[in-house]
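The following note sets out points for a colleague who has the coordinates at hand. Please read each point against the structure shown below.

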Amino acid sequence: MIEKMIEALRTDIHPFVKGIYHQLSPHGCKYPNIVYKVISDVPALHGDDRELQSRVTVRVHIVTKDGNDSDIYRRLNRTMIDLGFMRAQTIDMMEDGLKIKVIDYRIGVDS
């Protein structure tokens, strides 16, 4: 599921960003970029004493210097929804002079 997400991001989003990174963007990278990580993978459905489905939450950061992230956000949101994810929350923040839009997406994954 994560591999499919990364492939879709590279295809649909990569032309509009300078990089797509897992967990952390490297020092000295170019902007805008995307950083993603799985922040939660919890059981969601049980039956007959076994896990039938889990709920996975992926956190995606759109990191820019100028806050111009609306086109990237629209493309990202469309791509994630097409993959079956549901947007859980969006937060705008600033850190070290960078503007960061943080989006959490959730999906149910059969075990």
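1. Read along the sequence, the pattern is α-β-β-β-α-β-β, that is, two helices and five strands. Helices (H or I, at least four residues) and strands (E, at least two) are DSSP runs, numbered from the N terminus. The C-alpha atoms occupy a box of roughly 50 × 25 × 20 Å along the principal axes.

2. The model is predicted: local features need pLDDT of at least 70 and side-chain atom pairs count only at pLDDT 80 or more, whereas totals for chains, interfaces and linings use all residues. Residues are numbered from 1 along each chain as its sequence is written, and side-chain values use heavy atoms, with hydrogens and water left out.

3. The five strands form an open sheet in the order β1-β2-β3-β5-β4, with mixed pairing. Strands β1 (20-22) and β4 are the edges; each has a single partner strand, so one side of each is left without a neighbour in the sheet. From one strand to the next the twist averages 25°. Here, axes are lines fitted to C-alpha atoms, for helices over the stretch in contact, and angles run from 0 to 180 degrees between N-to-C directions.

4. Strands β3 and β5 pair in the antiparallel sense over 12 bridges; two strands count as paired if DSSP finds at least two bridges between them. Within this pairing, Thr 57 has Arg 106 of β5 as its bridge partner.

5. Strand β4 (residues 86-95) is likewise antiparallel to strand β5 (residues 98-110), over nine bridges. Opposite residues of β5 stand Gln 89, facing Asp 104, Asp 92, facing Lys 101, and Glu 95, facing Leu 98. The hairpin of these strands has two residues between them, and Asp 96 takes a positive phi near 50° there.

6. How do the helices lie on the sheet? Helix α1 packs on the sheet and touches β1, β2 (33-47) and β3 (50-64), its direction making about 150° with that of β2. Helix α2 lies across β2, β3, β4 and β5 and runs at about 5° to β5. Contact means heavy atoms within 4.5 Å.

7. The axes of α1 (residues 2-12) and α2 (residues 70-82) come within 10 Å and cross at roughly 145°. The contact involves Met 5, Ala 8, Leu 9 and Asp 12 of α1, together with Arg 75, Leu 76, Thr 79 and Met 80 of α2. These residues divide into five nonpolar, one polar and two charged, where Ala, Val, Leu, Ile, Met, Phe, Trp, Tyr, Cys and Pro count as nonpolar, Asp, Glu, Lys and Arg as charged, and the others, Gly among them, as polar.

8. The charged end of Lys 101 sits over the ring of Tyr 73, 5.3 Å from its centre. The criterion is that NZ of Lys or CZ of Arg is within 6 Å of the ring centre and within 35 degrees of the ring normal.
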